[in-house]
Amino acid sequence: MYFTRISPELTGRFQSSYAGTSNATLTRNVSVEVIIRAVDRQQAGTDSEVYWRTSNHLNGTTVENVSPRDPIIVSFTQNMTEINNQIDRINEQLGSTAGETEVIFRTTVDSRGMVDGKQIDETNSYAMPVELNEDTYRVADTQPTTEAYETSQTETVEPTPGAGR
């Protein structure tokens, strides 16, 4: 837990890499934003109703010809007191404090190119929720994420005459 008076700035770092052969040609775009919204939590398994939502781009980078296992690192800093002030302004403009306010730092990774002879065109998002109160904030427990992808390709092959007879 952090006290906003003592440590108003949340500083974070997102790191991403991938596995593959050395002859990969991959372009990766990494973007970090903070999303602030008020939601009405529904029953488990259903979508929440969003009363209002705003987001701010914090940092990003695009790297071409990223080699396998070479990390892309994007750092970001956000003043959490400013987030509290922004939430207060929005609630004041709306005249209510409907719903529960959420603060989420979301990183989006776009990957395009060739890896191990296969065309890659994918977008992945990673969320880091922050519990924010008037005087404190806490980063929700987040663990490093490892994602493994298996690709398959269906091919139609004409039978060879005489084979299997």
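Met-1 touches Thr-136, Tyr-137 and Arg-138, leaving aside residues up to four places away in sequence. This is a predicted model. Met-1 sits in the segment before E1. Along the chain, Met-1 and Tyr-137 are 136 residues apart. Is Met-1 buried or exposed? Met-1 counts as exposed, because its relative accessibility is 54% and the cut-off for exposed is over 50%.

Thr-136 is found in strand E8. Thr-136 counts as buried, because its relative accessibility is 12% and buried means under 20%. Its contacts, not counting residues up to four places away in sequence, are Met-1, Tyr-2, Phe-3, Thr-4 and Glu-131.

### Overall layout

The protein chain has one helix and eight strands. Along the sequence they follow the pattern β-β-β-β-β-α-β-β-β. Of the 165 residues in the protein chain, 31% are buried. Among contacts in the protein chain with a separation of 6 or more, 68% join residues 24 or more positions apart.

### The sheet

Which strands form the open sheet, and in what order? Six strands form it, in the order E1-E8-E7-E6-E3-E4. The pairing is antiparallel. E1 and E4 are the edge strands, and each pairs on one side only.

| Strand pair | Sense | Bridges |
|---|---|---|
| E1 and E8 | antiparallel | two bridges |
| E7 and E8 | antiparallel | three bridges |
| E6 and E7 | antiparallel | 13 bridges |

Tyr-2 stands opposite Tyr-137 in E8. Tyr-137 in E8 is also the bridge partner of Leu-132. E8 covers residues 136-139. E7 and E8 form a hairpin, with three residues between them.

Next come E6 and E7. E6 covers residues 100-115, and E7 covers residues 118-132. Ser-111 has Glu-122 in E7 as its bridge partner. E6 and E7 also form a hairpin, with two residues between them. Asp-116 lies in that turn and has a positive phi of about 50°.

At the other edge is E4. E4 covers residues 49-66 and holds Thr-62. Thr-62 and Val-109 are 47 residues apart in sequence. Their C-alpha atoms are 9.6 Å apart in space. Thr-62 touches Thr-27, Arg-28 and Asn-29, not counting residues up to four places away in sequence. With Asn-29, the side chain of Thr-62 makes a polar contact of 3.0 Å.

### The helix

Helix H1 runs over residues 80-94 and has 15 residues. From its first C-alpha to its last, H1 reaches 21 Å, close to the 21 Å expected at 1.5 Å a residue.

Which residues of H1 are buried? They are Met-80, Ile-83, Asn-84, Gln-86, Ile-87, Ile-90 and Asn-91. Seen down the axis of H1, these buried residues fall within an arc of 160°, so they line one face of the helix. A general rule applies here. An α-helix has 3.6 residues a turn, so residues three or four places apart point the same way. The face of H1 turned away from the buried side carries the exposed residues Glu-92 and Gln-93.

Both ends of H1 have a detail to look for. At its start, a side-chain oxygen of Asn-79 reaches to within 2.8 Å of the backbone nitrogen of Thr-81. After H1 comes Gly-95, whose phi is positive, near 75°.

### Confidence

How confident is the predictor? The mean pLDDT of the protein chain is 86. Of its residues, 84% reach 70 or more. One stretch needs care. Over residues 149-153, pLDDT stays under 50. For these residues, the model has three contacts beyond four places in sequence.

### Back to the start

The picture ends where it began. Beside them, E1 and E8 pair over two bridges.

Terms used
Residues numbered from 1 in each chain as written. Predicted model: local features only at pLDDT ≥ 70, side-chain atom pairs only at ≥ 80, totals over all residues. Heavy atoms only, no water. Helix = DSSP H or I, 4+ residues; strand = E, 2+ residues; numbered from the N terminus. Expected span 1.5 Å × (residues − 1). Buried < 20%, exposed > 50% of the residue type's maximum accessible area, 1.4 Å probe, protein only. Arc of directions from axis to C-beta. Polar contact = N/O pair within 3.5 Å; in protein donor to acceptor, adjacent residues only side chain to side chain. Pairing = 2+ DSSP bridges. Contact = heavy atoms within 4.5 Å. pLDDT = per-residue confidence, 0-100.
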